[in-house]
Amino acid sequence: ARADCECGYSVNSTTDARHAVFTNLHETDFLHISDLEDDIGWQRQEYNVTQEESRGPFGKAARVDNVLANPLLNEWDWAGDSVGGGDAGLQLWVRERTTDGMIEMGEIVAEPTDVRFGSFRVGMKVTGVPGTCGAFFWFRNDSQEIDMEFLSRQLNESSSPVNLVLQSPDSVAAGYDASDTPTFSLYPLDFRPDELFHEYRFDWLDGIVSFYADGVWLQDMTVATPDSPGYLVLNHWSNGDPGWSGGPPERDALLTVSYVKYYFNTTGDEGDQGDGCGGDADEVAEKVCRIPDQTVAPDPSGPDGNETARTYFFSMREDMTPGQKHYG
Ligand SMILES: *[C@@H]1O[C@H](CO)[C@@H](O)[C@H](O)[C@H]1NC(C)=O
Ligand SMILES: *[C@@H]1O[C@H](CO)[C@@H](O)[C@H](O)[C@H]1NC(C)=O
Ligand SMILES: *[C@@H]1O[C@H](CO)[C@@H](O)[C@H](O)[C@H]1NC(C)=O
Ligand SMILES: *[C@@H]1O[C@H](CO)[C@@H](O)[C@H](O)[C@H]1NC(C)=O
Ligand SMILES: *[C@@H]1O[C@H](CO)[C@@H](O)[C@H](O)[C@H]1NC(C)=O
């Protein structure tokens, strides 16, 4: 059988006036992963940031045992009981306890480090325990970073925002504080991100970053957009800073990730178009697969969980990742 997707993956159809094609993919289905040591393209982090370096009253202690797999009990289902109880998925914990003045946290970093432009998507449910920051972000350095950040202290009956941020030379100049720069937005969501799993997404192209939730467009940012390669990170942390994360949390706080999927270009040559990609523009366009839009909350804990949480993975289908590096 001829392989599909030899020429990559597109946001929108290649016949739409506005679309973007990416040649690589990295998809991770945390609802069904039981061993984080497998070759899934993610590394659990272990590091210390002292109080002085953390720019808050506490330091941060990233520990691998604050990053845990908790898959569904039945591997053929997309909802139902988990092996360890509670919501199935990857767990990122911020602990109530501190270690030598540092708050214990969890973080994973993706393997491809030369990612430049892409569509980045996470299914997750954040904590309702005040005093943490849950972050899904692409990182190069302090002046080139794209963030979707959830501050659990900002969640209550009348408030449920996501912080949309591009770190920029301006935010570095302001002492690593983006809040008074043009690329900061406290965007009010019309749902509580700590009640269900939702998909958060950003599309980064040359000169524009577009943010989405459950496939609904939220906002574009067109200044200070990154232009150099970097990598994807997910973390859940607190440094006690009353102006940002708040905390430490009064009890252990959990952020759960059901999947991460991203479709991207690199500046290196690792992962590329399949050998079968070639021909004139029309032939190339025909060998591009459209990435389905996730338009409902992909929530394994709801009554329709086995439907809504069964989201699309090219890497679970036959012959749809020709030539690309395939993780896990
Ligand atoms: C996809 O189409 C929508 C609707 O026209 C547009 O707003 C969005 O920018 C397009 N995305 C890309 C990556 O071109
Ligand atoms: C990604 O790379 C492919 C292959 O080089 C190219 O055709 C496409 O335009 C690039 N996408 C973006 C958004 O730059
Ligand atoms: C969930 O859906 C899968 C198909 O994707 C099916 O095999 C399984 O039996 C369903 N489980 C339940 C509990 O309905
Ligand atoms: C971040 O990376 C860009 C591109 O390499 C570079 O121009 C900039 O100086 C770096 N910023 C910091 C704070 O290191
Ligand atoms: C809800 O949170 C917002 C943002 O932190 C705060 O301004 C507001 O006073 C809070 N409202 C209630 C009812 O706690």
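Predicted model: local features only at pLDDT ≥ 70, side-chain atom pairs only at ≥ 80, totals over all residues.
Reader: Okay, how many helices and strands does the protein have?

Author: Four helices and 21 strands.

Reader: And how do I read the radius of gyration of the protein?

Author: Hold it up against what the globule rule gives for the chain length. The rule gives 20 Å for 328 residues and the protein comes out at 19 Å, so it is as compact as a globular protein of that length. Along its principal axes, the C-alpha trace spans about 60 × 50 × 35 Å.

Reader: What share of the residues counts as buried?

Author: That's 55% of the 328. As for the surface, the protein exposes about 14,200 Å², and 45% of that is supplied by carbon and sulfur atoms.

Reader: Which share of the contacts comes from residues 24 or more positions apart?

Author: Taking contacts with a separation of 6 or more, such residues account for 70%.

Reader: Let's do a sheet. How do its strands pair?

Author: In general, strands of a sheet pair through backbone hydrogen bonds, and they can be parallel or antiparallel. One case here is an open sheet of three strands in the order β2-β1-β21, with mixed pairing. Its edge strands, β2 (20-22) and β21 (289-290), each pair on one side only.

Reader: How many bridges join β1 to β21?

Author: Two, and these strands run parallel; β1 covers residues 9-11. Tyr-9, for instance, has Cys-289 as its bridge partner in β21.

Reader: Where does Gly-8 lie, and what does it touch?

Author: Gly-8 sits in the segment before β1. Leaving out residues up to four places away in sequence, Gly-8 touches Phe-22, Thr-23, Lys-287, Val-288 and Cys-289. The C-alpha atoms of Gly-8 and Phe-22 are 5.5 Å apart, though 14 residues separate the two along the chain.

Reader: Why does Gly-8 count as buried?

Author: The cut-off is under 20% relative accessible area, and Gly-8 has 0%, so it counts as buried.

Reader: Is Thr-132 buried or exposed?

Author: Buried, because its relative accessibility is 1%. Thr-132 lies in the loop between β11 (115-125) and β12 (133-141). Beyond its neighbours within four places in sequence, its contacts include Val-94, Phe-150, His-236, Trp-237 and Pro-249.

Technical notes: Residues numbered from 1 in each chain as written. Chains lettered and ligands numbered in written order. Heavy atoms only, no water. Rg over C-alpha atoms; globule rule 2.2 N^0.38 Å. Buried < 20%, exposed > 50% of the residue type's maximum accessible area, 1.4 Å probe, protein only. Contact = heavy atoms within 4.5 Å. Areas by Shrake-Rupley, 256 points an atom, 1.4 Å probe, with all protein chains shown as cover. Pairing = 2+ DSSP bridges.
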